[in-house]
Amino acid sequence: MNIIKTYVILFFVAILMTNTLSNSNVLASSVIGASKYVVCSVPCTRKYGEYECWSDCIQKRYNDGGCVNGQCCCKM
């Protein structure tokens with residue numbers, strides 16, 4: 001009986017560790033990140049990437065900018 005209790009406890013610990021170590025908030029982080037941005041306009045490409053987007057946002061007097069979900073987004 002003790003060996004079954006031990007296996008059950010180890011099983012639950014393994015499930016708990018799997019849930020805590022998994023990266024389940026990947027989708028949520030992109031949604032949360034997008035909500036911080038004010039204006040999204042130009043699509044990001046290989047030639048128009050993070051730096052170009054950031055530079056354009058700074059020139060337009062925004063505080064920051066970056067590619068979010070394939071779009072160049074600027075924020076205050």
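A disulfide here is a pair of cysteine sulfur atoms within 2.5 Å. By that cut-off, this structure holds 4 disulfides.

Some ground rules before we go on. This is a predicted model: local features need pLDDT of at least 70, side-chain atom pairs count only at pLDDT 80 or more, and totals for chains, interfaces and linings use all residues. Residues are numbered from 1 along each chain as its sequence is written, and side-chain values use heavy atoms, with hydrogens and water left out.

How are the disulfides of the protein paired, counting bonded cysteines along the chain? The pattern is 1-7, 2-5, 3-6, 4-8.

Start with Cys 40 and Cys 73. A disulfide joins them, S to S 1.9 Å. This link is right-handed, with 115 degrees about the S-S bond. The pair ties distant parts of the chain: Cys 40 sits in strand S1, residues 39-43, and Cys 73 in strand S3, residues 71-75, 33 residues apart. Strands and helices are DSSP runs numbered from the N terminus; a strand (E) needs at least two residues, a helix (H or I) at least four.

Buried or exposed? For that we use relative accessible area: buried is under 20%, exposed is over 50%, and partly exposed is in between, with a 1.4 Å probe and protein chains only. Cys 73 is at 2%, so Cys 73 counts as buried. Cys 40 has 43%, so Cys 40 is partly exposed.

Next, Cys 44 and Cys 67. Their sulfur atoms are 2.0 Å apart. The torsion about the S-S bond is about -95 degrees, so this disulfide is left-handed. Again, distant parts of the chain are linked: Cys 44 is in the loop between S1 and helix H3 (50-59), Cys 67 is in strand S2 (residues 64-68), and the two are 23 residues apart. Cys 67 is partly exposed, at 24% relative accessibility.

Third, Cys 57 and Cys 74. S to S is 1.8 Å. The link is left-handed, with -75 degrees about the S-S bond. Cys 57 is in helix H3 and Cys 74 in strand S3, distant parts of the chain, 17 residues apart. Both Cys 57 and Cys 74 are buried.

Last, back to strand S1. Val 39 lies there. Val 39 has 31% relative accessibility, so Val 39 counts as partly exposed.

That's the tour. Happy to take questions.
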